Amino acid sequence: MRIGLIGDLEGETDAAVGCLRVLGERGDVEVAYQLGDLRFGMGADPEGYLAAIDSACDAYGLTLVCVPGNHEHWARLDAMWADPRSRSDDGSLLPLALAEHVSMVPRGHRWELGGRTFLALGSAPSINRHLLTEGVDWWPSEALLDEHVDAAIAGGHAEVMLTHDSPGSPYCVPEVEGILRGNVRHNPMGWPAASLAYADEGMTRLTRAVVGVQPLLLAHGHFHVAGEDRVRLPGAPHDTTVWSLAARQDPDTVRVLDLDTLTDPVD
């Protein structure tokens, strides 16, 4: 079985439809996972954006499952998950149906597909928080909390882990490592110290979760760069493959994962 993986779409309709087209035209992918910053509920026409995505899914016979990023309308997500109908009998959050073919999974959601176990642990800190307005395009609940990490670790090993943020050094791909080193040494974007610390706090939490879960493969977005590496997590009996996906209309925003081999198939 093969699934699609899609990086950050950032509210761009053409990018979203284009990525779905790439997967749909293959003919061997029925489920795709979007790794955060869909920008659900945001932008000038959030309903039209979501409708275009849903229409593309319908046209290509795809189901799109989204992992939340930092750039989502978290107030809307929080309100939807506060509805008792969005909770299981034990109080845990359930996936949200955003449209007929599009859903959003909560942090810590687990499932099985194609004989593999999955864990989704979305969200991340917005390093540009100081440029955003709370309640308009930023919400505090974007952040991954220790309680999310503790619950993910308590759930045990998962073979495939889908996140928005990247694990930190030395467990990130070289392309992300370069960005992190640049922020420390030169800070080319001029991020305030408080913003860098906020981002680092979130990455530290995500890293703790990854070390605890010890996936065979981890795929993430957030950094808008494509990369791949194999790392050995502390105490793990196996290597972990890490994929970083690009963003928007970059060709490397889309990857295909063969669940039998946990590799990108060569067609």
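**Nonpolar cores**

In this predicted model, the largest nonpolar core holds 31 residues, and Ile-53 and Leu-64 have the most contacts inside it.

- Two or more residues each come from helix H1 (13-24), strand E2 (29-34), helix H2 (46-60), strand E3 (63-66), helix H3 (74-82), strand E4 (96-99), strand E5 (102-104) and strand E12 (254-258).
- Helix H1 contributes the most to this core, namely 6 residues.
- Beyond its neighbours within four places in sequence, Leu-64 contacts several residues, among them Ile-6, Leu-20, Ala-32, Ile-53 and Val-102.
- A second, separate core has 23 residues, including Ala-152, Ala-158, Val-213 and Ala-236.

**A buried charge**

- Asp-54 is part of helix H2.
- Asp-54 is buried but has no salt bridge, and the nearest side chain of opposite charge, Arg-76, is 13 Å away.
- Not counting residues up to four places away in sequence, Asp-54 touches Ala-99, Glu-100, His-101 and Val-102.

**Aromatic rings**

- There are 3 aromatic pairs in the structure.
- Tyr-33 and Trp-111 are stacked, because their ring centres are 5.5 Å apart and their planes lie at 25 degrees.
- Tyr-33 is in strand E2 and Trp-111 in strand E6 (residues 109-113), so this pair ties together parts 78 residues apart in sequence.
- Tyr-33 also stacks with Phe-118, at 5.9 Å centre to centre and 25 degrees between the planes.
- Phe-118 lies in strand E7 (residues 116-121), 85 residues from Tyr-33.
- Tyr-33, Trp-111 and Phe-118 make up one aromatic cluster.

**Charges over rings**

- The charged end of Arg-129 sits over the ring of Tyr-198, 3.8 Å from its centre.
- Arg-255 lies over the face of Trp-243, 3.6 Å from the ring centre.

Terms used. Residues numbered from 1 in each chain as written. Predicted model: local features only at pLDDT ≥ 70, side-chain atom pairs only at ≥ 80, totals over all residues. Heavy atoms only, no water. Core = buried A, V, L, I, M, F, W, Y, C linked by side-chain atoms within 4.5 Å. Buried < 20%, exposed > 50% of the residue type's maximum accessible area, 1.4 Å probe, protein only. Helix = DSSP H or I, 4+ residues; strand = E, 2+ residues; numbered from the N terminus. Contact = heavy atoms within 4.5 Å. Lys, Arg positive; Asp, Glu negative; His and termini not counted. Salt bridge = Lys/Arg side-chain N within 4 Å of Asp/Glu carboxyl O. Phe/Tyr/Trp six-rings, centres within 6.5 Å; stacked < 30°, edge-to-face > 60°. Lys NZ or Arg CZ within 6 Å of the ring centre and 35° of its normal.
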